[in-house]
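Welcome! Please look over the sequence and the model below, then try the exercises.

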Amino acid sequence: MKKVLYVDACVNREISRTEVLAQALLKRLEDEQDAQIETLVLENEEALVPLNSERLNERTLGTLNADFSSPLFGYAKQFAAADEVVFAAPFWDLSFPALFKIYLEHLCSQGITFHYTPEGLPEGLVRIKKVYFVTTAGGYTGEMDYGWQQLRSLCERFFGIEEVVCFKAEGLDIVTNDAQRLMEAALREIASAEL
């Protein structure tokens, strides 16, 4: 059975269009690949706080001593143990919500998700084969979607994940657009994509 980690960074989850798309993808993964979904809702995570000096020093000490028993390493260990990951986060201010950025910082744990080669290059340590990023935007993101660029770069360059896929519905808040039609198109793309 495939273990899929679903990282939900949606805000206003009850009305989130990003959540709608993510749930469609998760249903396909469950139905077609017999995936076991583990859900992590970031806004419910009290331990997900920025790395201040104290926490950063604790993480550094743990890394130097190869002692990953601190709760600071919990998110990285959970991530590294997945076979596939689905991230869902709306497009906000050229990126994604701050809580998702904080989560990504927690994933960058040397000795768990990556290490440095003797040449100083990051090399992935995770077993994850594929990452899906699901997002929605009120306008058009074009090349200004720095969140997608950051996530893709981290997954490929730090974690060594070869396949990183983005599903997106955009232009949803432009008054001359038919938001329902745009969402339906995105759902069709998810329904027909190769998983």
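Predicted model: local features only at pLDDT ≥ 70, side-chain atom pairs only at ≥ 80, totals over all residues.

Residues are numbered from 1 along each chain as its sequence is written, and side-chain values use heavy atoms, with hydrogens and water left out.

**Exercise 1.** Find how strands β1 and β2 pair.

Solution. Start with residues 3-8 for β1 and 36-41 for β2. These strands run parallel and share 6 bridges; pairing requires that DSSP finds at least two. For one of the bridges, take K3, whose partner in β2 is Q36. (Helices are DSSP runs of H or I with at least four residues, strands runs of E with at least two.)

**Exercise 2.** How many disulfides does a search of the whole structure find?

Solution. Look for cysteine sulfur atoms within 2.5 Å of each other, which defines a disulfide. The search gives 0. For C155, the nearest cysteine sulfur belongs to C108, 9.4 Å away. For C166, the nearest is that of C155, at 11 Å.

**Exercise 3.** Is C155 buried or exposed?

Solution. Recall the cut-offs: buried is under 20% relative accessible area, exposed over 50%, and partly exposed in between, using a 1.4 Å probe and protein chains only. C155 counts as buried because its relative accessibility is 1%.
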